[in-house]
Amino acid sequence: MKITFIGAVQTVTGSMHLLEVNDKRILLDCGLYQGKRKIAYELNKNFPFDPAEIDILSLSHAHIDHSGNIPTLVKMGFKGKIFATSATVDLCEIMLLDSAHIQEKDVEFVNIKREKQGKNLFEPLYTQDDAMRALEHFVPVPYEKKIELCSGVEITYHDAGHLLGSAVTTINITENGSKKRLVFTGDLGRKGMPILKDPTPIHNVDYLITESTYGDRIHSPEKDVKAHLADLIMKIALNRAKLIIPAFSVGRTQTIVYFLNQLYNEGRIPQVPVFVDSPLSTKATEIYSRHEDCFDAEALEMMMNGVSPFTFKTLEYIEDVEESKKLNRMDGPMVIITASGMCESGRILHHLANNIENRHNIILIIGFQAENTLGRKLVDGEKNVRIFGDEYRVMATVEVIDALSSHPDKNEFIEYFDNIETKLEGVFVVHGEVSQSEALAKTMESRYNCSTIVPSPGDTIEI
Ligand SMILES: [Zn+2]
C-alpha cells in the first residue's frame, strides 16, 4: 500500500490523499484549496495525477475544503463512484452548487478587468453544470455499514461529530495476504457539542491519518454559551438595538439557531425577532432537519417533545434579496444571523455597513477569523474599518464567543485516541499549520510510543 499526501498537508485547506492498493487508486477527499486567487486557481486546476486513472473517491464530509474540488476532478475525467454518508451527499448538493456559483462570479469579476486590458479571459474552475454532473457520481452509505470498495479494501464510516454527516473512515486492507487497518479522521468533532453526536470511538488501528487543526491549543473554557447569548439579547432588547452574528451557513448557523430556540422555549429571552438571512443557510437548515439520525440525545428529546430544533415563533428564514434589504429599514430589537462567517463577502457586509456605527448594536463573532479578514479586524478591536471601499467607525460593541470550535484541542485529541488501545504502527499528521501538526505528532509519539510523520505536500509513504 502506498499513501501520497497531496493536500491539507502542513496547512488546513485542500484535503486530499491518494491510496494505492491492490492496483487500485483510491482518493480520500478532494478538497478545494482556498487561498490567494492565482495560486488557488492553479493548484485546484492541476491535479498531480490523471483524474481518469482514479478508481474511487471516499469523502469524509461536505466542507468545501474537503469536497470542493470534486467537480474539477469529474470534469477532468474521473469516472468512478464517490462514497459518502447520506447527510454528506445531501449537503454536497447545495454546497457544490454554491461553490460553482462563487467560481463563476469570481471569474466574471476578474474577466471585466482582463477584457479592458486586452488579456485572455479566464474560464471558471468549474460551473454549476459541472457540479450537477459531479453529483451523479455520489453513492450514499449509512454509518457503521461495511462497504467493499474493491477487492481487499473495505471501508466503514463512523460519526465524527464535526459537521452533519461527517465521518471518521476505517479502511480494512488485505494485500498480499496481510491485513492492516488504516483510519482517516477527516475533521474530528468534539464531545458535548450541540445537535450532533459525540465522535464515535475507534479501536484496533494500525495506521492513522489524523487532522491537527488545533493540535497545540487548549480551547476556551467558557461552559455557558447560552447564558452569554441570553445576556446579549437582553441588552439589545433593552436598547431596541440589533445583534448581528456573522456565521458560516452550514454548521455554525444551525448551532446558534438551536441555542436561541432553547433560550426562547425556556423563557430566558424576550420575544425578539430573529432572522437567518442567507439562502444557503436556509437550505442547509432544511437538510439538518431531515437528518435526525445524526442528532444527539438532547436534540432528539427536543423533537420527541414536539419542538423542532430549527424553528420557533420569532424566527424567520430569508432567501430573497429584497426581503434582506428590508431589514436595514426596520428598527430593533432584532437578531440577524448571516454569512459569510469571516465578514469577507455576502449579506453580512450590508448589515455591518448599516449598523456598525450605532453604539447600541452588538456584533457577535462566533467562529475562527483568519488573518486580514474584516472579522479579524473587528476581533482585534480596530476602530475604523473599510466596507465596500468606504470607511466606517466601529461604534457597535464587538463580542466574541470562541467556545464553539468544531475541532478538538490537544487534550481532546488524546482523550479520543486513548480509545484505540492497540499499538499504533504509524501516525501521519495532516490538516494543520506546521506548528500545530508538529506539536500533535510530538504529543502522540511520546504518549503512544509510535512513529509519527508530518508529511510534506506530495510525499509518498509505502507501508
Ligand atoms: Zn470540516
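Modeller: Before we start, helices (H or I, at least four residues) and strands (E, at least two) are DSSP runs, numbered from the N terminus. This is a predicted model, in which local features need pLDDT of at least 70, side-chain atom pairs count only at pLDDT 80 or more, and totals for chains, interfaces and linings use all residues. Residues are numbered from 1 along each chain as its sequence is written.

Biologist: Where is the place of P333?

Modeller: P333 sits in the loop between α10 (321–329) and β15 (334–338), and a cis peptide bond, with omega about 5 degrees, joins G332 to P333. Another cis peptide bond joins A339 and S340, again with omega about 5 degrees, and S340 belongs to the loop between β15 and α11 (348–355).

Biologist: Is D29 buried or exposed?

Modeller: A residue is buried if 20 or more other C-beta atoms lie within 10 Å of its own, exposed if 12 or fewer, and partly exposed in between, with C-beta atoms placed from the backbone. D29 has 29 C-beta neighbours inside 10 Å and therefore counts as buried; this residue lies in the loop between β3 (24–28) and α1 (37–45), and its phi is near 70 degrees, a positive value in a residue other than glycine.

Biologist: How many C-beta neighbours does F388 have inside 10 Å?

Modeller: F388 has 9 such neighbours inside 10 Å, so F388 counts as exposed. The loop between β17 (384–387) and β18 (390–393) holds F388, whose phi is positive, near 50 degrees, in a residue other than glycine.
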